[in-house]
Amino acid sequence: MRTALITGITGQDGSHLAEFLLDRGYRVVGMTRRRSGGALDRIAAIREQIELVEGDLLDQTALTRTLERVQPEEIYNLAGLSFVPASWQQPVATGEFTALGVTRLLDAMRLVCPTARFYQASSSEMFGKVRESPQRETTPFYPRSPYAAAKAYAHYITVNYRESYGLYACSGILFNHEGPRRGLDFVTRKITHTAARIKLGLEDELRLGNLQAKRDWGYAGDYVRAMWLMLQQPQADDFVIGTGEAHSVAEFVEAVFAYLDLDWRRYVIIDPQLVRPAEVDLLVADASKARRILGWEPEVSFLELIHLMVDADLALVRNQLRTPRAEHRSARRRAVGVA
Ligand code: NAP
Ligand code: F7E
């Protein structure tokens, strides 16, 4: 039985990846940070099948001890602050976790389990103010937020540890990927969740920032397969993962409201406070290297993703309406745990 350690297991990707690896017979260990109360909604359905260890990307000793205890063959580093606007509010913390945290983890791996395989959750945000379109592995980076700058550092330190110490360390440059487990702050989920509430008469407006920004949106379940494939190759390498299709936020809104048979113009309000200090206007992937070497293809289309998310949010909100307040939490847990 192979052992995988996942940092950020309580997040969207961590929960999908844990399920994917359990299906393949892995022993799955998740590293979580210390909290006063549990927020394990996304992994509630698999809680009995996984192990959790406490650890922190800020603490070198804790990371070393975690690796000594777990002895993983595969390490997936998904933990970090992932909401871009929050990185302007917490630029130093972003650098500590998202940038230096990766060095700490790689260094612990180098000393404790140098033959393990390492996956770093890099991001298309590193391309920022894009130098070419579509973006591929060789496209230069132009980060536009503290988040993106920290991810660029993390990307290069991963490449550097591979080249300096011969570690099997890969950087997956993933474009936006979504689904019913996406946090409510991210634009796709904000739209599908608020639109579901509007449809059910619970809300009458949706406040958004820049509707013109374009993203390459895929389904998170497809993207965790790519992470795993990267760690099964004869040689470690870096890969761009995305669908190759760009859509604007406005197109996403229109498709969601059309699916719900609503006119989006009646509900959407542009709120200048939601516009970012520096925007990334267009991201679109050239994932041909991943197709060629990993045999990876996305399976869920743009419209299928939207329908999947809207259906899940309608079910979630209906459930909340039916469930007495004290039970909302467990209803939500069931909803995010099955989608
Ligand atoms: P997510 O749902 O926000 O999950 C982030 C995970 O990181 C959670 O488990 C969270 O733990 C943990 N975390 C957050 N802040 C932390 C901190 N300061 N210290 C330790 N752990 C912390 O994000 P996701 O969508 O699954 O993304 C996973 C990774 O891929 C992230 O590194 C993200 O930046 C990167 N990425 C995501 C996308 C995307 O489109 N989803 C694209 C490219 C790259 P708690 O539950 O304790 O908060
Ligand atoms: O914004 C625009 C916003 O927050 C997408 C993270 O997973 O993907 C994600 O980062 C676009 C931006 O994701 C609102 O200005 C308009 O142009 O959903 P988002 P993101 O910033 O692209 C990358 C690949 C990651 O690595 C990140 O971890 O939508 N937008 N109005 C809005 N965005 C939000 N959040 N809220 C709005 O009201």
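A polar contact is taken here as a pair of N or O atoms within 3.5 Å. In this predicted model, H177 meets that cut-off with ligand 1: a backbone N or O atom of H177 lies 2.9 Å from an oxygen atom of the ligand. R33 also contributes, through its side chain, with a polar atom 2.6 Å from an oxygen atom of ligand 1. At G11 the contact comes from the backbone, where a polar atom is 3.1 Å from a ligand oxygen. Of the 900 Å² of accessible area that ligand 1 has on its own, the protein covers 88%.

The shell around ligand 1 draws two or more residues from each of α1 (12–23), β5 and α5 (146–165). Strand β5 gives the most, with three residues. In total, 22 residues surround the ligand. The closest are T10, R33, R35, S82 and Y147. By class, ten residues of the shell are polar, seven are nonpolar and five are charged.

Strand β5 also belongs to an open sheet of seven strands. The strand order is β3-β2-β1-β4-β5-β6-β11, and the pairing is parallel. Strands β3 (51–54) and β11 (239–241) form the edges, each pairing on one side only. From one strand to the next, the twist averages 25 degrees.

Within the sheet, β5 (residues 117–123) pairs with β6 (residues 168–174) over seven bridges, in the parallel sense. R117 has Y168 as its bridge partner in β6. Helix α4 (residues 91–112) packs on the sheet. This helix touches β1 (3–7), β4 (74–77), β5 and β6. The direction of α4 makes about 170 degrees with that of β5.

Terms used. Residues numbered from 1 in each chain as written. Chains lettered and ligands numbered in written order. Predicted model: local features only at pLDDT ≥ 70, side-chain atom pairs only at ≥ 80, totals over all residues. Heavy atoms only, no water. Pairing = 2+ DSSP bridges. Helix = DSSP H or I, 4+ residues; strand = E, 2+ residues; numbered from the N terminus. Axes fitted to C-alpha atoms, helices over the stretch in contact; angles between N-to-C directions. Contact = heavy atoms within 4.5 Å. Near = heavy atom within 4 Å. Polar contact = N/O pair within 3.5 Å; in protein donor to acceptor, adjacent residues only side chain to side chain. Areas by Shrake-Rupley, 256 points an atom, 1.4 Å probe, with all protein chains shown as cover. Nonpolar A, V, L, I, M, F, W, Y, C, P; charged D, E, K, R; others polar.
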